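Notebook open, viewer open. I wanted to look up one stretch and write down what I found.

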Amino acid sequence: MLLRENIYDLLRADILACRFAPGDEMREQDLAERYSVSRQPVRDALLRLQREHLVTVQPRQGYRVTPISLSDARDLLRFRLALEPACVAEAIESAPDSVLESLDEFRRFSGNHEDFITYNRGFHTALAHASGNRRMAAALCDLIGQADRLVRVSISNLKGHDPAKLVAEHVALIDAMQNRETRTAARIIKAHIGATEKRVLPALKRNAVIVEERSS
C-alpha cells in the first residue's frame with residue numbers, strides 16, 4: 001500500500017474515533033510530525049478527507065475537523081435505515097447457513113463503552129457482508145464507520161446507556177435471520193435503527209461541537 005494511503009487511513013480512523021474531535025484545528029506540519037512523514041502525503045490525505053466532508057479548509061490557518069451537523073447526522077441515519085434492512089433481507093434470502101451461524105459470536109458482549117463501540121461496529125459490518133452484495137456492503141460499512149463518530153460524541157451524554165439491551169436486540173435479529181424470518185428481521189432492524197436515531201440526535205443537540213445548519 002502506498003504511503004499516502006496509509007496516512008489517509010490513519011488520519012480518517014483518528015477522526016472517526018474522535019481522537020481528533022469535531023472542531024479541532026489541524027496543521028500539516030503537526031500531522032507530519034505525528035505520523036513521522038513529510039507534509040505531502042498529509043496534504044493529499046487532508047484533501048481526500050475534505051471531499052468526504054470530514055475536514056474543512058480554513059484559509060491561511062490550516063484545517064479543522066468538520067463539526068457534526070444535526071442535519072447530516074439525521075441524513076446518515078436515514079440512509080442507514082434504507083440500506084441496512086435491504087442487506088438483512090438479502091442475507092436471509094441468499095446467505096448460506098454457515099454465514100448466518102457465524103453471527104453467533106455477537107450474541108454475547110462484555111466490556112466498557114469503547115469495547116461496545118467496537119463490538120457494535122463488528123456486528124453491523126458482519127450484517128453488511130452477509131448480504132453477499134459487495135456494493136451494498138461497501139456503502140453500509142462506510143455509513144457504519146462514519147456513525148462511530150456520532151456514537152462517541154454522544155455516548156457520554158446518554159444517561160442509562162445499557163449495552164445489555166442493545167445486545168438483546170442484536171440477539172433477536174440473529175434469531176430471526178437464522179430462522180429465515182424476513183418480516184420479523186425487517187421489523188427488528190428498522191426498530192433498532194429508529195431507536196438509535198431517537199437516542200443519538202437529542203444527545204448530539206446538547207453537545208457544543210454540533211452545529212445546526214442554516215438554510216440560505
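**Ground rules.** This is a predicted model, where local features need pLDDT of at least 70, side-chain atom pairs count only at pLDDT 80 or more, and totals for chains, interfaces and linings use all residues. Residues are numbered from 1 along each chain as its sequence is written, and side-chain values use heavy atoms, leaving out hydrogens and water.

**Helix 3.** Helices here are DSSP runs of H or I with at least four residues, and strands are runs of E with at least two, numbered from the N terminus. I looked up the length of helix 3 (residues 39-51): its 13 residues should span 18 Å at 1.5 Å a residue, and the end C-alpha atoms are 19 Å apart, which agrees. The expected span is 1.5 Å times one less than the number of residues.

Next I checked burial and found Pro41, Val42, Ala45, Leu46 and Leu49 buried in helix 3. They sit on the same side of helix 3, because their arc around the axis is only 140°. Buried means under 20% relative accessible area, with a 1.4 Å probe and protein chains only; the arc is taken from the directions from the helix axis to the C-beta atoms.

I saw strand 2 (residues 55-58) run antiparallel to strand 3 (residues 62-65), joined by 4 bridges. Pairing takes at least two DSSP bridges. Val57 stands opposite Tyr63.

**Thr66.** I found Thr66 in the loop between strand 3 and strand 4 (68-69). Buried or exposed, this Thr66? Thr66 is buried, because its relative accessible area is 15%.

How values were computed
Buried means under 20% relative accessible area, exposed over 50%, partly exposed in between (1.4 Å probe, protein chains only).
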